[in-house]
Amino acid sequence: IVRYLETPPSRARLAEVVALLGGSARVLLRSKDAPETLAQADDAVILDTLASSPALIERPVVITGRGACIARPPERLLELLRGDEP
């Protein structure tokens, strides 16, 4: 368990997580709280923003030996643990 507000992940770690998730940095962006200025932002800007404002990180992010997912809805975690394709 990483307490992301107490110990925010570095920009490099966020980039690693994005790679594990197999998408763009936008997948880690908590869209309902994101400022409109990020609507057209590229991955570099999003990663910089997430590193400096960790409250904008979508959660929960779960990383296992089988892969990674954002466990929203919770059934996504079950799919990961079972090895189902997303």
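Where is Leu28 found? Leu28 lies in the loop between α1 and α2. Helices (H or I, at least four residues) and strands (E, at least two) are DSSP runs, numbered from the N terminus. The model is predicted: local features need pLDDT of at least 70, side-chain atom pairs count only at pLDDT 80 or more, and totals for chains, interfaces and linings use all residues. Residues are numbered from 1 along each chain as its sequence is written, and side-chain values use heavy atoms, with hydrogens and water left out.

Leu28 is buried, at a relative accessible area of 1%. Here buried means under 20% relative accessible area, exposed means over 50%, and partly exposed is in between (1.4 Å probe, protein chains only). Contact means heavy atoms within 4.5 Å. Neighbours within four places in sequence are left aside in the contact lists that follow for Leu28, Glu58 and Arg30. Leu28 is in contact with Leu14, Val17, Val18, Leu21, Leu50, Leu56, Ile57, Glu58, Val61 and Ile70. Ala15 is 13 residues from Leu28 along the chain, and the C-alpha atoms of the two are separated by 9.8 Å.

Leu28 also belongs to the largest nonpolar core, which has 14 residues. A nonpolar core is a set of buried Ala, Val, Leu, Ile, Met, Phe, Trp, Tyr and Cys residues joined through side-chain atoms within 4.5 Å. The residues with the most contacts inside this core are Leu14, Leu28, Leu29, Ile46 and Leu50. Two helices, α1 (11-21) and α2 (43-52), each supply at least two residues of the core.

Helix α1 has a buried side. Leu14, Val17 and Val18 are buried in α1. They sit on the same side of α1 because they cover an arc of only 100° around the axis. The arc is that of the directions from the helix axis to the C-beta atoms. The cover over the buried residues of α1 includes α2 and β1 (61-64). Just after α1, Gly22 takes a positive phi of about 75°.

Charged pairs come next. Side chains of opposite charge can pair when their charged atoms come close. A salt bridge is a side-chain nitrogen of Lys or Arg within 4 Å of a carboxyl oxygen of Asp or Glu. The whole structure holds 5 salt bridges. One of them joins Glu16 to Arg13, with the closest N and O atoms 2.8 Å apart. Both residues lie in helix α1, 3 residues apart, about one turn of the helix. Glu16 is partly exposed, at 43% relative accessibility. Arg13 is partly exposed too, at 34%.

Arg30 and Asp33 form another salt bridge through their side chains (2.6 Å, N to O). Arg30 lies in the loop between α1 and α2. Arg30 is buried, at 10% relative accessibility, while Asp33 is partly exposed, at 41%. The contacts of Arg30 are Ala55, Leu56, Ile57, Glu58, Arg59 and Arg72.

Glu58 pairs with Arg72 in a salt bridge, the closest N and O atoms being 3.2 Å apart. This pair links distant parts of the chain, 14 residues apart. Glu58 is in the loop between α2 and β1, and Arg72 is in the loop between β2 (67-70) and α3 (75-82). Glu58 counts as buried, at 14% relative accessibility. Arg72 counts as partly exposed, at 44%. Salt bridges that share partners join Arg30, Asp33, Glu58 and Arg72 into one network. The side chains of Glu58 and Arg72 also make a polar contact (3.2 Å). A polar contact is a pair of N or O atoms within 3.5 Å; within protein, one must be able to donate a hydrogen and the other to accept it, and residues adjacent in sequence count only if both atoms are side-chain atoms. Glu58 is in contact with Val27, Leu28, Leu29, Arg30, Ile70 and Arg72.

The strands remain. β1 and β2 run antiparallel and are joined by 4 bridges. Two strands pair if DSSP finds at least two bridges between them. β1 and β2 form a hairpin, with 2 residues between them. Within this pairing, Ile63 stands opposite Ala68 in β2.
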